[in-house]
Amino acid sequence: MDFSMSPQQKMVKDEVARLVREIVLPRARENDRTGAIPDDALQKAWELGASVSMVPEEYGGYGAPDSPVESTIILEELAYGEMAFAMAATAPSLFLHPLAEMGTLEQKKKYLPLYCRDTFAACVMAINEPHYGFDPVDLKTEAVMKNGAYVLNGEKCFVPLAKKAGHLLVAAVLDGKSNLFIVSADNPGMAIGDRETNLGNYSLETYPVSLNSCEVPAEDRLGGDNGCDYARVLQKCRVAMSAMATGVARAAFDHARQYAVDRHQFGEPIAFRQSIAFMVAEMAYEVEAMRFLTWKAASRLEAGRDARREAYLARLYAGEKAMLIADYGVQIYGGHGYIREYPLERFYRDARGVSILEGMATV
């Protein structure tokens, strides 16, 4: 058991951290205020190649081995700068990764070259559904075979960059089994609603998607007649969410720790107060625990093993502890933690979505 990063992973981490320092952090507050991420920033992130690294070279990718562990490192670093940016910048992975891993030869030839280009182009996945108690393993969106094509009916929500996407991977139940279907943005049976207004991740564009008798050609069922391994797709998405939660929590911890040292009351730093020191210490070890649970699940996925339990526990823990750490950060900042001039209130809002959102990123 080795918890250290390889030289390759360390190099990737440093490169992403540099991008975050130069591009993401200076703009995060303005992105959150305006509700938009500049195209040039997304392009800079795209040039890192994370979304296309595992795509075979013949389709325009780099042909690198699929590495969920390396992906968790990248997502944590991006979310450290801004969680919304992490989800937007890696949104194409939601379409490209499952397709590269599970698509038929014909599907790979047809769709992968469309997005493995020099410029950022959106393609995403639609899993979340707008009903109480949503469970990604108990989807309400249905698909039926009719006249040689699949007909999809249902509602989706929190679909990132849906209005800009050329294609969506839509999750639906076919004969009692969850599947993914490739749906073109110009399909007349699919309608994309107005942009959603969410509690956190203001700069990430998310949209509701309606499927009304949406006909999908039989050859556009991901994986063909045998379908895809939806459970593995979901596991990868949950590990990705855990990695981003770790990034947000780490950012909240770093800011709160520094504030506790810099802020003086009664002639000494507030970090000397036992109640503050205990919160900072708890934040520190919970961030480490979140990361190790995430890496454990990612390492099982990288080994080709089932990570259902590990991915679920990592995301469950991340959803709870990211919120706790962000809340501690707000408390340490005191009244300043409630003011938008400081970043803690953004971390708090963004962290709340970890336990709710599904299918927003993948490793």
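Glu22 sits partly exposed, at 49% relative accessible area (buried is under 20%, exposed over 50% and partly exposed in between, with a 1.4 Å probe and protein chains only). Its salt-bridge partner is Arg18, with N to O at 2.9 Å; a salt bridge here puts a side-chain nitrogen of Lys or Arg within 4 Å of a carboxyl oxygen of Asp or Glu. Arg18 is partly exposed too, at 31%. Helices (H or I, at least four residues) and strands (E, at least two) are DSSP runs numbered from the N terminus.

A word on the model: it is predicted, so local features need pLDDT of at least 70 and side-chain atom pairs count only at pLDDT 80 or more, while totals for chains, interfaces and linings use all residues. Residues are numbered from 1 along each chain as its sequence is written, and side-chain values use heavy atoms, with hydrogens and water left out.

Back to the charges: the salt bridges come to 28. Asp32 is buried at 4%, whereas Arg340 is partly exposed at 42%. In helix α10, Arg349 and Glu345 form a salt bridge at 2.8 Å, N to O, again 4 residues apart and separated by about one helical turn. Here Arg349 is buried at 9%, and Glu345 is buried at 13%. Then there is a salt-bridge network, which links Lys13, Glu76, Glu77, Arg250, Glu288 and Arg291.

On the nonpolar side, the largest core holds 123 residues, and the members touching the most others include Phe85, Phe95 and Met244. The largest share of this core, 18 residues, comes from helix α7 (residues 230–262). Such a core is a set of buried Ala, Val, Leu, Ile, Met, Phe, Trp, Tyr and Cys residues joined through side-chain atoms within 4.5 Å. Leaving aside residues up to four places away in sequence, Met244 touches Leu75, Ala79, Met83, Ala86, Met87 and Ala361 (contact means heavy atoms within 4.5 Å).

As for strands, β4 (residues 167–174) pairs with β5 in the antiparallel sense over 8 bridges; pairing takes at least two DSSP bridges between two strands. His167 has Ser184 of β5 as its bridge partner. The two strands make a hairpin with 2 residues between them, and Asp175 in the turn has a positive phi of about 55°. Strand β5 (residues 177–184) is mostly covered, with 6 of its 8 residues buried.
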